[in-house]
Amino acid sequence: MRANEVNDYGYHTIQWSDSWSSDGLFLDLPVGLVSDFTADVYFNDFNSGTSYVTAGSSLDLTNEWESTDIGTVTAECSLFVDGGLTLALINTDAADNEGKVLQYRNEMVWPIAGRRIAFEALVGVADADDMDVYIGIGEKLTTFMGTTGAISGSAVNYAGFHILQSEGTGIASCVARGGSGSAVDAGNASSATVGDSTHTSGTLTNFHRYGIRIEDTTIVKFYFDGVKVQETALSTGFDDATTITLCSVGSGATADITAVGYVALAQTRDA
């Protein structure tokens with residue numbers, strides 16, 4: 001699955017592979033049909049568009065992404081470019097309880113009754129049982145995750161996968177919260193064992209596809225490598241806009257990295 005060059009209308013033409021539609025995650029979203037404008041679609045593999053990135057290129061933290069420190073981290077988010085492979089890296093220092101909140105700069109989707117949202121990201125976690133990581137969507141909030149890896153009590157309208165260092169299992173929990181309602185932990189999906197990732201010489205090891213589907217404003221489904229692992233119904237529905245939200249906090253032993261191969265987000269327009 002790749003995004004082609006930007007067309008005359010400024011949109012990327014999306015070509016979703018059969019594996020994306022067969023698992024049901026994007027089945028009802030006409031994401032490949034840009035011309036009929038029935039869905040809003042965002043896709044970024046960090047190597048698309050009219051000018052392909054080269055070694056030394058930087059992640060756009062001015063116009064597209066917004067990076068906020070967790071703790072006193074000095075490392076910055078960056079791009080990894082090697083052998084035709086490009087990854088966005090959420091870097092941490094070799095110090096405990098320090099990391100980054102990385103969010104798309106603008107609000108992107110707002111769950112509305114009768115509409116559907118689908119999110120997917122290809123992500124690798126360098127030290128899965130000793131890092132705090134969040135992968136999903138959430139309301140714009142620079143303090144989304146704290147130094148202990150906990151999601152802030154001020155964070156509302158989110159759905160994603162949460163890996164906690166304190167659990168030490170390297171298994172992703174499926175979490176969500178609608179508006180001011182109670183946060184929901186749908187539980188650890190035993191099949192969502194993350195494993196330590198590596199990315200060298202264009203080769204990815206232990207990278208996984210994290211998928212979320214929101215129906216109306218309260219039904220949230222979670223997919224790991226294309227397989228549905230959890231589903232939950234929120235008592236309070238989403239009531240505000242959300243955006244792509246990625247967080248990473250290191251363990252301190254090494255400068256741990258969360259690496260992102262691509263992010264995709266779509267919402268139907270037809271209610």
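Reader: Which residue of strand 19 is the bridge partner of Val125?

Author: The bridge partner of Val125 in strand 19 is Thr258. This is a predicted model, in which local features need a pLDDT of at least 70 and side-chain atom pairs count only at pLDDT 80 or more, while totals for chains, interfaces and linings use all residues. Residues are numbered from 1 along each chain as its sequence is written, and side-chain values use heavy atoms, with hydrogens and water left out.

Reader: What makes strand 8 and strand 19 a pair?

Author: Two strands pair if DSSP finds at least two bridges between them, and nine bridges join strand 8 to strand 19, so these strands, which run antiparallel, count as a pair.

Reader: Why is strand 19 called mostly covered?

Author: A residue is buried when its relative accessible area is under 20%, exposed when it is over 50%, and partly exposed in between, with a 1.4 Å probe and protein chains only. In strand 19 (residues 257-268), eleven of the twelve residues are buried, so the strand is described as mostly covered. In the protein chain, buried residues make up 52% of the 271 residues.

Reader: Why is Gly136 called buried?

Author: Its relative accessibility is 0%, which is under the limit for buried residues, and therefore Gly136 counts as buried. Gly136 belongs to strand 9 (residues 132-138), the strand where confidence is highest, at a mean of 95.

Reader: What does Gly136 touch, beyond residues up to four places away in sequence?

Author: Contact means heavy atoms within 4.5 Å, and the residues that Gly136 touches include Phe119, Ala159, Ile212 and Ile244. Gly136 and Val263 are 127 residues apart in sequence, yet 9.5 Å apart in space, C-alpha to C-alpha.

Reader: Which residues touch the most other members of the largest nonpolar core?

Author: A nonpolar core is a set of buried Ala, Val, Leu, Ile, Met, Phe, Trp, Tyr and Cys residues joined through side-chain atoms within 4.5 Å. The largest such core has 44 residues, and Trp65, Tyr210, Val220, Ile244 and Val263 touch the most other members. Strand 8 (residues 116-125) gives the most to this core, with five residues. A second, separate core of eleven residues includes Tyr134, Phe144, Ala155 and Val249.

Reader: How do you know that Glu215 and Arg213 form a salt bridge?

Author: A salt bridge is a side-chain nitrogen of Lys or Arg within 4 Å of a carboxyl oxygen of Asp or Glu, and the N to O distance here is 2.8 Å, so the pair qualifies. Glu215 also forms a salt bridge with Lys221, with the closest N and O atoms 3.1 Å apart. Arg213 is buried, with a relative accessible area of 3%, and Lys221 is buried as well, at 15%.

Reader: Why is Glu231, which meets Lys228 in a salt bridge, called partly exposed?

Author: The relative accessibility of Glu231 is 41%, which lies in between the limits for buried and exposed, so Glu231 counts as partly exposed. Lys228 is likewise partly exposed, at 42%, and the N to O distance between the two side chains is 2.9 Å. The structure holds eight salt bridges, and Glu66, Arg105 and Lys140 are linked in a network of them.

Reader: What makes the phi of Asn206 worth a remark?

Author: Most residues other than glycine have a negative phi. The phi of Asn206 is near 55°, a positive value in a residue other than glycine, and Asn206 is found in the loop between strand 14 (203-205) and strand 15 (207-215). Asp225 also has a phi near 55°, in the loop between strand 16 (219-224) and strand 17 (227-233).

Reader: Where is confidence lowest in the protein chain?

Author: The pLDDT is the predictor's confidence in each residue, from 0 to 100, and the lowest mean, 36, belongs to strand 1 (residues 2-6). Over residues 1-25 the pLDDT is below 50, although this stretch has 66 contacts in the model beyond near neighbours in sequence. The chain averages a pLDDT of 79, and 79% of the residues score at least 70.

Key. Helix = DSSP H or I, 4+ residues; strand = E, 2+ residues; numbered from the N terminus.
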